[in-house]
Amino acid sequence: MPSQTLFEKIWSSHVVHEEKDGPSLIWIDRHLVHEVTSPQAFEGLRLADRRVRRPDLTFATVDHNVPTTPRSEPIQDPISKNQIDVLEKNCGEFGVTLFGLTSVNQGIVHVIGPELGLTLPGLTIVCGDSHTSTHGAFGALAFGIGTSEVEHVLATQCLSANKPTSLEVRVDGTPSKGVTAKDIILSIIGRIGTAGGTGSVIEYRGDAIKRLSMEERMTICNMTIEGGARAGMVAPDETTFQYIRGRKYAPKGEAWTESEKQWRKLSTDPNAVFDRTVRLDAGKMVPQVTWGTTPAMVTDVTGTVPDPEDFEAPGMRSAAARALEYMGLKAGMEIQSINLDRVFIGSCTNSRLPDLIAASKMVEGKKVAPGVRAMVVPGSQLVKLQAEKQGLDRVFVESGFEWRESGCSMCLGMNPDILAPGDRCASTSNRNFEGRQGYNGRTHLVSPIMAAAAAVSGHFVDVRDWYTS
Amino acid sequence: MPLDRVNVDTDQIIPKQFLKLVERTGFGRYLFNDWRFQPDGTPKTDFVLNQPRYKGGKILLARENFGCGSSREHAVWALADYGFKALIAPSYADIFYNNCFKNGVLPITLNEPTISQLFDEVEKQESFSLQVDLQKETIRKPDGVELGFKIDEFRRKCLLEGLDDISLTTLHEEKIRAYEQKLAPFQVINVGV
C-alpha cells in the first residue's frame, strides 16, 4: 500500500465511481442543511419528482437569519420568517430531521454538528456553507458546496468532484499566553493570502496544532476557506476521541470500539508526500488584528496600519488603498489607537463555550467602555445553556454586554444584528469584507479575548500584557 | 465589461440582504448592489455596470481570486440573471468556479499578462468586444487574434450538451448501492443505543 496523507485516505475510501478524465463520484456521509442555501434545492427535487435519498444522513437547522432576541418574540422580518417556514415545510415533506427555532439543539450548523456527535473522524461532510471546513478539525473531509450541489447530494447522497491537491501547514512552537487559535489561523492566512490554498485541502500539523483543544482546532479549520482552501483538517487523536465519546449521535458500545480502531489509522503516513508545505512558528506569533477588507489584510496588535505603497503587486496596492479608505484608516496609525463602536463575540469561528469562558475572564469586574455597544451571541442553545450554568451570562451582562440567543447573527448580518454605516467593530467572526456586517460597516477580525479586552478598553489592546500583569 | 479589482468576494457580488428569496430567479437586479447603487437606490455613475458604453455586455473581465468567500450560489444566479454568459479572470475561488458550471456560466481562466492586456484594450477601444467559442475553446478579439483557453473536458461537455448532473450520477446507481451496503459503523447514524 503506497504512503497516503490523511486526506487521501478519506478520499479513496469514499470514491463510488472514478472516471478516467473526469470528476470522481464520492459518497457523502453527512449532509447539513440550513435555511438560506436549501430552498431552491428542495424545489428542484420537487420539480423533478425526486426524493431525498438518505434523509437519515441529512440534518437541518435554522441559523443564518434567525433573530437573536428572545425566542418568545415574533420574527419581525416576513421574508426571513418565510425562509424559516419553508425549511420546516421541506424537512417535513422530505423526512429530514430539523433542529428548529425552539429546539434545544438549534444553533449555528458548524457548532451543532460537532456538539451532537454528527461530525466524526473519517467522514465526508458537506453543507451549503463555505465554513463547513470547520468539521475538518475532527479528521473529516468537510467542505462547502453551492445550492445545485446541495440538490445533487439530497438526491444521490453523492457528489461529483475533482480530487484537490494537498497542502501541509505545519505550526510548531509554543505560543505566548494571549495568542490563541484565532491568531494562529489569521497568521497563516496573512502568510498564504486569500487564494493561497485554492484547489487544495490543507492538513494542519505540528506540535502547536497537536496541543490544541477541539474547539481551537475548529477555529483553525473554520477559517481555512479564508485562505482559499475548501477543506482543512487535523488528524484525530485522544483529544478528538475524548470530545466525541458519549455525544448524542456518536457510535456507542461495540460500534464505538470498532470505530475508534478505524479512526486510529487516520493519520498521514510517515513517507506520504504533500504537494506543498508551509511552516510557521507559533512561538513568534503575536495577537492579530485585521486592518483591511480581506482576512489576509492582517497585522500584529503591536503594529501599525501598513502603507499601500509598500505592497509589491499593483493589484494589492490598489486593493490596500481602497481598503484603507473604506476602513477609515491612515497608513502608519498604531493598531492600538483604533477606537471602536461595536464588539461582537460570536459566529461559527468563535462562539463555543471555551471562547466565551476566556472572553468572560477579560471583562469580569470591568465595564464596557463608554460609547461601545457589545454583544455576545452563543453558537448554539447548548452552549448558551452551559454558559448560563456557569454564570457567564451574568458576568457579561454586568459588564455591559448584551447576552443573546444563538445564531449566525452579526457575522453576516442577515438578521437584524447589523452595523450602522461607519460603525467600527471588533469581531470574532471570519470575514471583514466590505459591507459584510452591514452597509459601510467596518470590521476588524480578532480573537475572543482580544475582542473582550477591546470592549472594556474602547480600543485594541495587547492582551498579552493582561496576562503578565 | 471590465471590473478591475482583485479578490472580489461573493458578498460584493450579491450582498446578504438579498439571500432571503426562495427562488433561483430575479437576482440580477441586486448584482453588485452596494457598489452599483447609493443607499437610496440611485445608480453610482462611476461603477462599470452603470456606464452606458458597457450596456448589454455579456462577458465580465475580472481579476484574480474572483468569487472568493461565501458558497452562495446566488452570486452566480445574479451574474447569469443580469445577462453574463462568460467570465474571464486569472483565477477563481473553488466553490464559485463549480457553481458557475451548474448555471451555464463559463468561467474562463487566462494568464495575468493576457488579462492585463485585455483590460488595456477594452479601456482604449469604446466598441471593444470578444467572441467566445466554447466548442473550439477560443476567444476572438476584434483584431482577429484568437486566444486559447482550456476547460475540463467533462465540464465542457456538460455545458455544451446541457447535461443534468443528477441524471448523470443516477447512471451509476448500482455502484452507489454497492457502496451503501458496506458503510463503516461510524458512517451510519447511531441513535438510541
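Trainee: Which elements of chain B do the buried residues of α3(B) pack against?

Mentor: Bear in mind that this is a predicted model. Helix α3 of chain B covers residues 74-82, and its buried residues are B:His74, B:Ala75, B:Val76, B:Trp77, B:Ala78 and B:Leu79. Those buried residues pack against three elements of chain B: α1 (10-13), β1 (59-61) and α4 (94-101).

Trainee: Over to chain A. Are α6(A) and α8(A) roughly parallel or roughly antiparallel?

Mentor: Helix α6 (residues 181-192) and helix α8 (residues 214-222) of chain A pack at about 25 degrees, with axes 8 Å apart. Angles under 35 degrees count as roughly parallel. So the relation of α6(A) to α8(A) is roughly parallel.

Trainee: How many nonpolar, polar and charged residues does the contact of α6(A) with α8(A) have?

Mentor: From α6(A) come A:Ala181, A:Lys182, A:Ile184 and A:Ile185, and they meet A:Glu216, A:Thr219 and A:Ile220 of α8(A). Sorted by class, that contact has 4 nonpolar, 1 polar and 2 charged residues.

Trainee: Why is chain A called as compact as a globular protein of its length?

Mentor: Chain A has 16 helices and 19 strands. For 469 residues the globule rule gives 23 Å, so chain A counts as that compact because its radius of gyration is close to this, at 21 Å.

Terms used:
Residues are numbered from 1 along each chain as its sequence is written. Chains are lettered from A and ligands numbered from 1 in the order in which they are written. This is a predicted model: local features need pLDDT of at least 70, side-chain atom pairs count only at pLDDT 80 or more; totals for chains, interfaces and linings use all residues. A residue is buried if 20 or more other C-beta atoms lie within 10 Å of its own, exposed if 12 or fewer, and partly exposed in between; C-beta atoms are placed from the backbone. Helices (H or I, at least four residues) and strands (E, at least two) are DSSP runs, numbered from the N terminus. Two residues are in contact if their C-beta atoms, placed from the backbone, lie within 7 Å. Axes are lines fitted to C-alpha atoms, for helices over the stretch in contact, and angles run from 0 to 180 degrees between N-to-C directions. Angles under 35 degrees count as roughly parallel, over 145 as roughly antiparallel, 65 to 115 as roughly perpendicular and the rest as oblique. Ala, Val, Leu, Ile, Met, Phe, Trp, Tyr, Cys and Pro count as nonpolar, Asp, Glu, Lys and Arg as charged, and the others, Gly among them, as polar. The radius of gyration is taken over C-alpha atoms; the globule rule is 2.2 Å times the number of residues to the power 0.38.
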